[in-house]
Amino acid sequence: MTRVFQYLLLCCALLPYATPSLAEWHYEKQAIMGTEVSVQLWHEDSQQAEQLIDQVMAEFRRLDDELSPFKPTSELSRVNREAAKGAVKISAELTALIDKSLWYSDLTGGAFDISFATLGKHYDFRNKQRADEQLTESLLEALNYRHLHLDKNTHTLRFGHEKTKIDLGGIAKGYAVDRAVAILKAAGVCCASVSAGGDSRMIGDKRGRPWLVGIRHPRDKSKNAAVIPLTDTAISTSGDYERYFIDDSNTRVHHIFNPATGKPADTTAGSSDKLISVSIIGPRGFDTDPLSTSVFVLGKEKGLALIDRLPGFEAVVIDSNRRLYFSRGLDNPQSANANP
């Protein structure tokens with residue numbers, strides 16, 4: 001028997017016991033931050049991939065523990081309990097989140113306002129309950145971002161009105177997605193997608209092809225109104241179909257508040273300026289998340305004008321007549337029909 005043949009026999013004998021590490025996609029989803037968090041990444045080592053996914057989910061849970069308005073032990077809940085009594089010491093992370101929120105409040109003329117919780121806390125979408133007219137009128141003055149006095153140097157926050165409350169629901173998930181992406185990038189992951197409800201961010205592409213991100217049809221969850229090819233970017237979608245109920249007058253009561261009225265933004269069919277879905281594309285979820293809320297409240301004309309002024313951002317919006325419109329930078333027709 002030749003030496004070469006002996007070597008081949010040895011190799012064949014060892015094949016059943018070989019455990020080569022093959023690169024593949026790894027996927028996980030969990031319920032965190034009141035939504036579905038999903039992670040998809042490409043990695044050559046299954047064990048390392050699982051460890052990275054565990055780290056990502058742990059970061060989402062950490063942020064939920066600190067930023068949830070529904071958890072009494074969260075930092076945000078402590079602020080809501082104490083900041084009307086005097087300046088409260090807050091973490092550098094919460095300082096950055098509130099500072100960014102106030103920046104967008106100024107940019108949008110108050111269309112983005114985390115003090116919407118002043119009235120939003122009185123809405124229970126699961127049980128179809130909302131604040132009545134009397135309560136809305138009594139609390140409207142307290143709903144104003146100018147009541148939030150943030151000192152970035154001392155990391156303190158004080159509310160200027162005794163009834164003001166805040167909620168970071170319009171920015172926290174986008175920020176959490178960015179934090180997850182930072183973990184994966186630090187580990188050298190080349191291709192991944194992280195989503196938390198309507199907020200997603202992609203690292204690289206999908207192994208030579210763009211990520212295809214579907215924008216849900218706002219009136220038929222089984223369909224997409226549009227599919228956008230994306231690479232190494234973030235996208236956030238806000239719609240009146242995410243959390244809502246239909247009241248006795250057949251009005252859709254949803255979770256995106258117009259700070260000027262203290263009520264959910266009007267999405268009644270018939271107006272081409274009223275929006276029922278907004279998707280913003282940009283570098284980071286920390287920006288696309290608050291921008292999607294802002295454009296929703298501003299309406300089509302003012303909202304698209306805002307995005308057209310911001311370098312690096314694009315928008316896809318659907319008005320109350322179910323027609324699609326795009327910001328200037330997207331290579332699409334100016335409008336299209338989103339009817340089923």
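What volume does the second largest pocket have? About 640 Å³. The model described here is predicted.

## The second largest pocket

The lining of the second largest pocket holds 21 residues. Nearest its centre lie Ser195, Gly197, Ser200, Val213 and Gly214. Two or more lining residues come from each of β2 (35-43), β6 (192-196), β7 (199-203), β8 (211-217) and β10. Strand β8 gives the most, with 6 residues.

By type, the lining of this second largest pocket has 9 polar, 8 nonpolar and 4 charged residues.

## The largest pocket

The largest pocket contains about 1500 Å³ of space. Its lining counts 47 residues. Phe70, Asp167, Gly169, Lys173 and Arg243 are the ones nearest the centre. Elements giving two or more residues to this lining are the helices α2 (46-67), α3 (75-82), α5 (117-120), α7 (172-186) and α8 (285-298), along with strand β10 (234-239).

The lining of the largest pocket splits into 18 nonpolar, 16 polar and 13 charged residues.

Strands of a sheet pair through backbone hydrogen bonds, in a parallel or antiparallel way. Here, an open sheet has 3 strands in the order β3-β5-β4, and the pairing is antiparallel. Strands β3 (88-89) and β4 (148-151) form the edges, each pairing on one side only. Between β3 and β5 (residues 156-159) there are 2 bridges. Lys89 has Thr156 in β5 as its bridge partner.

Helix α4 (residues 92-107) packs on this sheet. The helix touches β4 and β5, and its direction makes about 125 degrees with that of β4.

Terms used. Residues numbered from 1 in each chain as written. Predicted model: local features only at pLDDT ≥ 70, side-chain atom pairs only at ≥ 80, totals over all residues. Heavy atoms only, no water. Pairing = 2+ DSSP bridges. Helix = DSSP H or I, 4+ residues; strand = E, 2+ residues; numbered from the N terminus. Contact = heavy atoms within 4.5 Å. Axes fitted to C-alpha atoms, helices over the stretch in contact; angles between N-to-C directions. 1 Å grid on protein atoms, 1.4 Å probe; cavity = no way out; pocket = protein on both sides within 12 Å on 5 of 7 lines; lining within 4 Å. Points joined across faces, edges and corners; volume = space filled by probe spheres on them. Nonpolar A, V, L, I, M, F, W, Y, C, P; charged D, E, K, R; others polar.
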